[in-house]
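The exercises below concern a single protein chain. Work through each task with the coordinates open before reading its solution.

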Amino acid sequence: MIWTMEPTVIADRYELTAPVGSGGMGTVWEGFDTVLDRPVAVKLIHADLLGDNDPRNEYRRRFRREARILARLDHPGVPEVYDFGVSPDGNAYLVMRHVFGATVADLAAECAPLSTGWVAALGAQLMGVLSALHRPGLLHRDVKPANLILTPAGRLVLCDFGIAGSVHSGEYSRITRTGERLGTTGYRAPEVADGATATVAADLWAAGVVLRELADEVDGPVAEVIAALTDPDPVRRPPSARHAGQRLAAMVPGTLPDIPGFTDLLAVPDALRLYLRGAPTTPTEGGRGVASIEWTPPVDAARVDTDAVRRRVEHLIAEDRPAQVIPLIEQTLASTESDDLVTLSLRYDLARCREAVGDALQAIDGYEATAAGARGQLGESHPLVEVCDQAVARLTPAAPARE
């Protein structure tokens, strides 16, 4: 999405740029923190659900509980909470770290079945997150592919804690309507479907179903773990997420630190990496795609108003928000191959924003490319050539060595 209009602003600092998902309680938006100059995800609960500030309102209590659960969990597989509150127009908002990547639901539709090693790696990560959640007595109660995000670095993140609960009574105890059935059909454990109270075993069942859908015909030890997780009898399932995660981690090619809490993961195979960037993949036997080309997200050039983008860039730079400028210019430049003055100016702005965020090597490359384009289009004496050459000379001595 290329921003050419003023976005909606929440709490005088969070710009909402595009909706990325919706659920029973509200909508999740891509956004930007204009104060700290970083991307965020903002979950909004609409005012008409909150019931005139009634603290007993079910949706209000669920949303506040979700914020508190996330704020107290310290794990790389859980989105970090930045802020929580109610805007003047009555919308409750939860601001979280923006997790870039694709949902496992999309991944499964495009790339499944995955290899045994990848199923084990994803399963080990999922068990690590669930172990961190279960340790203080919390349950997710809605583990499913749409609530799992795989980042381009290969990290799995569990999202949407809106119906999370506790195995104990108290602050996180069950908040539901009478007769409400929690979870999603297909991922709801059989004992929960029959009316029993959800336990740790129910989260393990849902996780097992997710892995089974990714694995398809995977056999051997990974299949044994999946079969144990999806045993109809909850007593026969693994005793804990940590137990299942350790078994799966031992099957991953390469080395993974102990479960839970590991942060170093295997590199994503090329086909998955391109898929996570939005690239089409070439189907092969077994359903997995093969990465054969470098891919850039397509942009409809006819829809890009470079003058409007330029005005937006100037506004953001004046507001000292370089990190927000970078993706905007990158998307715009992907739509054009011209080297007119507006485009060259955007390339220069991109280089200086990269310099501002501390990426010296990419900034040097950007200044050099802009100078070369300006020489060809505007002549050696143009001021843009001189300012770019000066920037390169200034940055080169302090830049880190290239690998």
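This is a predicted model: local features need pLDDT of at least 70, side-chain atom pairs count only at pLDDT 80 or more; totals for chains, interfaces and linings use all residues.

**Exercise 1.** Describe the salt bridges K43–D160 and R236–D231.

Solution. Step 1. The structure has 17 salt bridges. In one of them, K43 and D160 meet at 3.4 Å, N to O. This pair links distant parts of the chain, 117 residues apart: K43 belongs to strand β4 (residues 38-45), while D160 is in the loop between β10 and β11 (165-166). Helices (H or I, at least four residues) and strands (E, at least two) are DSSP runs, numbered from the N terminus.

Step 1. K43 counts as buried because its relative accessibility is 8%; D160, at 32%, counts as partly exposed.

Step 2. R236 and D231 meet at 3.0 Å, N to O. R236 is at 54% relative accessibility and therefore counts as exposed, whereas D231, with 15%, is buried.

Step 3. Salt bridges also link R310, E314, D349 and R352 in a network.

**Exercise 2.** Which residues of helix α6 are buried, and what covers them?

Solution. Step 1. Helix α6 spans residues 221-229, and its residues V222, V225, I226, A228 and L229 are buried.

Step 1. Viewed down the axis of α6, these buried residues fall within an arc of 160°, so they line one face of the helix. The arc is taken from the directions from the helix axis to the C-beta atoms.

Step 2. The cover over them includes α3 (116-134), α5 (200-215) and α7 (241-249).

**Exercise 3.** In what order do the strands of the sheet containing β9 run?

Solution. Step 1. The order is β7-β9-β10, in an open sheet of three strands with antiparallel pairing. Two strands pair if DSSP finds at least two bridges between them.

Step 1. β7 (102-103) and β10 (156-158) are the edge strands, each pairing on one side only.

Step 2. Strand β9 (residues 148-150) is joined to β10 by three bridges. I149 has V157 in β10 as its bridge partner.

**Exercise 4.** How many residues has the largest nonpolar core?

Solution. Step 1. A nonpolar core is a set of buried Ala, Val, Leu, Ile, Met, Phe, Trp, Tyr and Cys residues joined through side-chain atoms within 4.5 Å. The largest has 57 residues; L114, V119, L122, M127, L130 and F161 have the most contacts inside it.

Step 1. Helix α3 supplies the largest share of this core, eleven residues.

Step 2. Contact means heavy atoms within 4.5 Å. Not counting residues up to four places away in sequence, L122 touches L107, L114, L150, L156, L211 and L214.

Step 3. Another core, of 14 residues, lies apart; A363, Y367, L384 and V392 are among them.

Conventions:
Residues are numbered from 1 along each chain as its sequence is written. Side-chain values use heavy atoms; hydrogens and water are left out. Buried means under 20% relative accessible area, exposed over 50%, partly exposed in between (1.4 Å probe, protein chains only). A salt bridge is a side-chain nitrogen of Lys or Arg within 4 Å of a carboxyl oxygen of Asp or Glu.
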